[in-house]
Amino acid sequence: MTELRRRGAAADPDSTDNLSDKEADGDDRLGLVGDAEGECEGDTKANTPDVPPSADNTPEYLNKALEGLSSRWRNWWIRGILSLTMISGFFLIIYLGPVMLIIVVMSVQIKCFQEIITIGYRVYHSYELPWFRTLSWYFLICVNYFFYGETVADYFGALVQREEPLQFLVRYHRFISFALYLAGFCMFVLSLVKKHYRLQFYMFAWTHVTLLIVVTQSHLVIQNLFEGMIWFIVPISIVICNDIMAYLFGFFFGRTPLIKLSPKKTWEGFIGGFFSTVVFSFIFAYLLSQYQYFVCPVEYNSETNRFAVECQPPDLFIQQEYTLPAVVENTIGQKTVHLYPFQIHSVALSSFASLIGPFGGFFASGFKRAFKIKDFADTIPGHGGIMDRFDCQYLMATFTHVYIASFIRGPNPSKVLQQLLVLQPEQQLSIFNTLRSHLRERGILPPAVLEAQ
Amino acid sequence: MGQTDGSETEGRADRDGASDTEGKQDVPEVPVPADDTPEVLNKALSGLSSRWKNWWVRGILTLAMISFFFFIIYLGPMVLMMIVLCVQIKCFHEIITIGYSVYHSYHLPWFRTLSWYFLLCVNYFFYGETVTDYFFTLVQREEPLRILSKYHRFISFALYLTGFCMFVLSLVKKHYRLQFYMFGWTHVTLLIIVTQSHLIIHNLFEGMIWFIVPISCVICNDIMAYMFGFFFGRTPLIKLSPKKTWEGFIGGFFATILFGILLSYVMAGYRYFVCPVEFNNDSNSFTVYCEPSELFQLQYYVLPSVLQSATGWTTVRLYPFQIHSIALSSFASIMGPFGGFFASGFKRAFKIKDFANTIPGHGGIMDRFDCQYLMATFVNVYIASFIRGPNPSKVIQQLLALRLDQQLHIFNSLKAHLIEKGLLPAVEEAA
């Protein structure tokens, strides 16, 4: 059995059977639907054949409503309607608030994990492996427990201090998480079966890489959210906008192919998408920066036991005057302009989304080609699986998190205080003195009066 | 590079600490090990039969490795860190080479370069975090270091992204699947090896005893389990490694606990082992000089009455660290072998006998270190949960990075806390 699994260079016809319910074979399909990124399944620049109608789970009423149109336009309409539905859904959950957002992020993560693991099962024909489904889900729970515990300990310090069992769980959090993980590890070792060693190791590695990609990055998304909902909304919107704009520019003006991996991407779409995304993010950031609901860090109010978004807007979200460089002055006729500093940052975010974000899409396309699947799953009619929609988002979320950590905020004050209170008394005292002299130097504290210490 | 296949027979794929010579059951005799036994050894042992020759080779190499271990401990923390780095690179190299062999992917464009590049990136990230945590004052002094440390995460991320983009650009039409496999293989290897070797270095900084005792416990467990298995072994432990026996497992457990207690007692008396490793700004070198913490000061423990009647003592003087060492050696004896089983399963899955042929009679570096990695992670988690709090210099560093109003707020909270604890007099100037 292990011979079948030898991965010679594209020389394993047997293992590609039954891989996906809907694909043809391998390399002829390059021109087409292996690329679900640019949202375009209508015809394009190159002489690619017409796309077959999308998957079977289009709802009945949609089918009825559109049965008059030709198949190509029908597909376009389905994708369009679903896009609008998803975007409206997005706005709805933003309105519903942070708790809802966290729940949605969690659900998306679980669904993406499930999609990728299912692909792994199909690739390796390993449905019958003992224990493996249980173990994959168990590892997912462990890693989520670890990350959510760290988040709860960081952001809900006051709540944790109140409840005794929570305090215990937080104090020994790492140890408990490690013990849970080890239990899974030992179960894996004990479940190794003589004929299936290689398969089991493959699935183990597959699970771990998936956890690394999907779970860690979804927690970065949640940490961005806590920084302020604008740090969650703007990056996601930028990626969506870039997708749509790159498709539209490609549709109308596209001529030069961008990369062999996704032959429907074009340079015109890429560059047009870049500029229009920067403009979009500039405007969108301006709109959102005015509302405290988006701009304030999400905090947990211990008294009302709910999340609150109320604060004094940070400097980043207070309009400032910027002097325009001379060349722009002449064209516009204004000397200075009022901008939110956040808009400058949004230019950086949108540049990343347009220039590097597509690499996440190429990675996913390459992955789908490598395993000869058309889409990650069939969840969304016309679009594929949840992972298809979110593949660029994950890279963006990581970038946003690193950006915030490096350029925007410092460490979390409540976390620092929490660490302080755990130290030894002598260490606390020495830190207290250091801090006091530092604050005195800065003039925040009145200078020292001689007193007995 | 250790690619012999076909050893489906149970007797060979198991290398952890047990011997290649005959075990309890009727296991066929082991063939003479690989070719790179040094000439000198070959000559010296030419008279003996092949079975004993193998035994002697393994024994001599074991003693050589243990002496080498003592030698580098003597040389100090700096050399230890370098050795850890070298071991990590060698283990990475061994596992990646196995990947190449399994997938016949030597000819993949760029992949060797990319694997080493990712290794460099992840190491840069971890070493940067370590340097920032522990060498805070040195970093603040030097301007280029300060900038590198302030934007450290961003720089590391940018470096990693470059590698990621290079990977995407290097995807070649016929080799997609192979390339993704190697990408996944590299990342899992990095996850296992590089992160855990940095946990080892963190343990080292906590005090060399936290580095030496766990490693010694694992080595002792290997040797003791083998000895007990050799003399008393009868009941097989797990199908995966048929030469392990329950007698070896249990005997090794008790022997290792005893060894751990004795070794801790010997080491806890010396500052060199017990003090956290610190970087002295003035002398620009590592120092291990401090007042030993409570963990390493002898205390009186009252024995439970059953032990009292057995030994005739009412109290006993122990270092608290010895109690912790019982926990560490228990983990080494009970869980450590699972790391070995994992590696055995891996070798069977990919039909290799050893990870490599680096050490005559023992296989590759990874063969010796497979149990150590799990142990290092456990020690790190143990220290973080039960022993130390956060690192004070790291806390100061974070404090000084906050905004001034946040600093003031924390200052007031801290002052209230200290006054409450009686560490500060209640009369203080108003802030």
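In this predicted model, helix 13 of chain B passes helix 15 of chain B in a right-handed crossing. Helix 15 of chain B also packs against helix 9 of chain B, and a further pair to look at is helix 3 with helix 4 of chain B.

**Helix 13 with helix 15 (chain B)**

- Helix 13 covers residues 320-334 and helix 15 covers residues 365-387; they pack at about 150 degrees, and their axes are 10 Å apart.
- Angles over 145 degrees count as roughly antiparallel, so helix 13 and helix 15 of chain B are roughly antiparallel to each other.
- On the helix 13 side, the contact is made by B:H324, B:A327, B:L328, B:F331 and B:A332, while helix 15 brings B:L374, B:M375, B:F378, B:V379, B:Y382 and B:I387.
- Sorted by class, this contact of helix 13 with helix 15 has 10 nonpolar residues, one polar residue and no charged ones.

**Helix 9 with helix 15 (chain B)**

- Helix 9, residues 209-232, packs on helix 15 at an angle of about 135 degrees, with 10 Å between the axes.
- That angle makes helix 9 of chain B oblique to helix 15 of chain B.
- The two helices cross in a right-handed sense.
- Helix 9 takes part through B:W210, B:P214, B:I215, B:V218, B:I219 and B:D222, and helix 15 through B:R368, B:C371, B:Q372, B:M375, B:V379, B:I383 and B:I387.
- The residues of this contact of helix 9 with helix 15 divide into 10 nonpolar, one polar and two charged.

**Helix 3 with helix 4 (chain B)**

- Helix 3 (residues 77-103) and helix 4 (residues 111-134) pack at about 150 degrees, their axes lying 12 Å apart.
- Helix 3 and helix 4 of chain B are therefore roughly antiparallel to each other, and their crossing is right-handed.
- Residues making the contact include B:M81, B:F92 and B:Y100 from helix 3, and B:F111, B:W116 and B:Y127 from helix 4.
- By class, the contact of helix 3 with helix 4 has 10 nonpolar, four polar and one charged residues.

**Annotated transmembrane regions (chain B)**

- An unreviewed UniProt entry places the feature "transmembrane region" at residues 110-127, 154-172, 179-201, 207-228, 249-273 and 321-343 of chain B.
- Residues 179-201 are 100% helix and 0% strand, and their end C-alpha atoms lie 32 Å apart.
- For residues 321-343, the end C-alpha atoms are 31 Å apart, and the span is 96% helix and 0% strand.

**The interface with chain A**

- Chain B and chain A bury about 7700 Å² between them, and 79% of that is on carbon and sulfur atoms.
- Within chain B, B:R177, B:F342 and B:F411 lose the most area to chain A, together 10% of what that side buries.

How values were computed
Residues are numbered from 1 along each chain as its sequence is written. Chains are lettered from A and ligands numbered from 1 in the order in which they are written. This is a predicted model: local features need pLDDT of at least 70, side-chain atom pairs count only at pLDDT 80 or more; totals for chains, interfaces and linings use all residues. Side-chain values use heavy atoms; hydrogens and water are left out. Axes are lines fitted to C-alpha atoms, for helices over the stretch in contact, and angles run from 0 to 180 degrees between N-to-C directions. Helices (H or I, at least four residues) and strands (E, at least two) are DSSP runs, numbered from the N terminus. Angles under 35 degrees count as roughly parallel, over 145 as roughly antiparallel, 65 to 115 as roughly perpendicular and the rest as oblique. A crossing is left-handed if the near helix is turned anticlockwise from the far one by less than a right angle, and right-handed if clockwise. Contact means heavy atoms within 4.5 Å. Ala, Val, Leu, Ile, Met, Phe, Trp, Tyr, Cys and Pro count as nonpolar, Asp, Glu, Lys and Arg as charged, and the others, Gly among them, as polar. UniProt positions are given in the numbering used here, feature names are shortened, and annotations may be inferred rather than shown by experiment. Buried area is the accessible area (1.4 Å probe) that two parts lose on being put together, summed over both.
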